[in-house]
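Try each task before you read its solution.

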Amino acid sequence: PNFGYETVGNTEWQVDLTTNNPGYTAGSLFTGAAGTATKITAYTKRLTAGNAKGGIYAHSDSTLITNGATNEVSVETSYSWVDFAFATSPTIEAVDYVLALAHIYQKFVYAYYKYDAGDTDQGHRQQNAYLPSPATWLTHNTNKYSIYATYTATAGTVDMQGVDMQGVNVN
């Protein structure tokens, strides 16, 4: 399963990477689920191909969760859903996270994000930062970016209290 926003947003947002060294980080607030994350997927492009990576931040303290930064991936010049895999899958819970996409600095290059209107303060942005931890989100807005995390759900337990097991063979 996934959590986040799996729809291509109708609004394009452009970031000038020339003025953002070592990079630019932007993401949105979503509620996670218990399990292990395997990848972050974001709808993005760049003016010139270059590297980016994803991250999962605990919303409570704006730090990257343990193993919460993905591997770096080359983002191309046409919009597409880009997968950012984790080297080691981080453990996630049913709490609030910021799913973030960070584009690395490159002179004379723009990075592009797609988004729709979300909730108040759902969007988070930090200039001059490439997945910092902790993040000091300088801008909050309603941007619900086209970004989501794929995870493997934790196996649930079944409460058998009060269930009549008379006559059930459990061997």
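**Exercise 1: Getting an overview**

In this protein, 81% of the contacts between residues at least 6 apart in sequence join residues at least 24 apart. Keep in mind that the model is predicted.

*Task.* Work out how many helices and strands there are in the protein, and what share of its residues count as buried.

*Solution.* 
- Begin with secondary structure: the protein has 15 strands and zero helices.
- Next, take the overall dimensions. The C-alpha trace spans about 75 × 30 × 30 Å along its principal axes.
- Then turn to burial: 46% of the 171 residues count as buried.
- Finish with confidence. The mean pLDDT is 93, and 91% of the residues reach 70 or more. Over residues 157-161, however, the pLDDT is below 50, and this stretch has one contact in the model beyond near neighbours in sequence.

**Exercise 2: The nonpolar cores**

*Task.* Find which members of the largest nonpolar core touch the most other members, and which strands each supply at least two residues of this core.

*Solution.* 
- The largest nonpolar core has 32 residues, and those touching the most other members are F3, W13, I56, I92, Y113 and I147.
- At least two residues come from each of strand 2 (11-16), strand 3 (23-31), strand 4, strand 5 (50-58), strand 8 (80-85), strand 10, strand 11 and strand 15 (147-153).
- Another core, of nine residues, lies apart from it; L64, V98, L131 and W137 are among them.
- For a close look at one member, pick I92. Not counting residues up to four places away in sequence, I92 touches F3, A33, A34, G35, T36, A37, I56, I65, Y97 and Y151.

**Exercise 3: The cavity**

*Task.* Say how many cavities of 30 Å³ or more the structure holds, and which residues line the largest cavity.

*Solution.* 
- Start with the count: there is one cavity of 30 Å³ or more.
- The volume of the largest cavity is about 40 Å³.
- Its lining is made by A26, A42, Y43, L101, Y113, K114, Y145, S146 and I147.
- Sort these lining residues by type, and you get seven nonpolar, one polar and one charged.
- Last, look at where they come from: strand 4 (35-46) and strand 11 (110-117) each supply at least two residues of the lining.
- Two names link this exercise to the previous one. Y113 and I147 line the cavity, and Y113 and I147 are also among the core residues that touch the most other members.

**Exercise 4: Backbone features to check**

*Solution.* 
- First, a reminder: most residues other than glycine have a negative phi, and most peptide bonds are trans.
- P22 sits in the loop between strand 2 and strand 3.
- The loop holding P134 runs between strand 12 (123-126) and strand 13 (139-141).
- S62 counts as buried because its relative accessibility is 15%, under the 20% cut-off.
- With a relative accessible area of 40%, D121 is partly exposed.

**Exercise 5: Tracing I104 and T66**

*Task.* Decide whether T66 is buried or exposed, and find which residues I104 contacts beyond its neighbours within four places in sequence.

*Solution.* 
- T66 is in strand 6. T66 has a relative accessible area of 65%, so it is exposed, the cut-off being over 50%.
- T66 and T88 are 22 residues apart along the chain, and their C-alpha atoms are separated by 9.4 Å.
- I104 belongs to strand 10 (residues 96-104) and is partly exposed, at 27% relative accessible area.
- Beyond its neighbours within four places in sequence, I104 is in contact with L17, P22, G23, R46, N51, E72 and Y130.
- Finally, compare I104 with T66: they are 38 residues apart in sequence and 21 Å apart in space, C-alpha to C-alpha.

Notes
Residues are numbered from 1 along each chain as its sequence is written. This is a predicted model: local features need pLDDT of at least 70, side-chain atom pairs count only at pLDDT 80 or more; totals for chains, interfaces and linings use all residues. Side-chain values use heavy atoms; hydrogens and water are left out. On a 1 Å grid over the protein atoms alone, a cavity is a set of points where a 1.4 Å probe fits but cannot get out, and a pocket is an open set with protein on both sides within 12 Å along at least five of seven lines; lining residues have an atom within 4 Å of a point. Grid points are joined across faces, edges and corners, and a volume is the space filled by probe spheres set on the points. Helices (H or I, at least four residues) and strands (E, at least two) are DSSP runs, numbered from the N terminus. Ala, Val, Leu, Ile, Met, Phe, Trp, Tyr, Cys and Pro count as nonpolar, Asp, Glu, Lys and Arg as charged, and the others, Gly among them, as polar. Buried means under 20% relative accessible area, exposed over 50%, partly exposed in between (1.4 Å probe, protein chains only). Contact means heavy atoms within 4.5 Å. A nonpolar core is a set of buried Ala, Val, Leu, Ile, Met, Phe, Trp, Tyr and Cys residues joined through side-chain atoms within 4.5 Å. pLDDT is the predictor's confidence in each residue, from 0 to 100.
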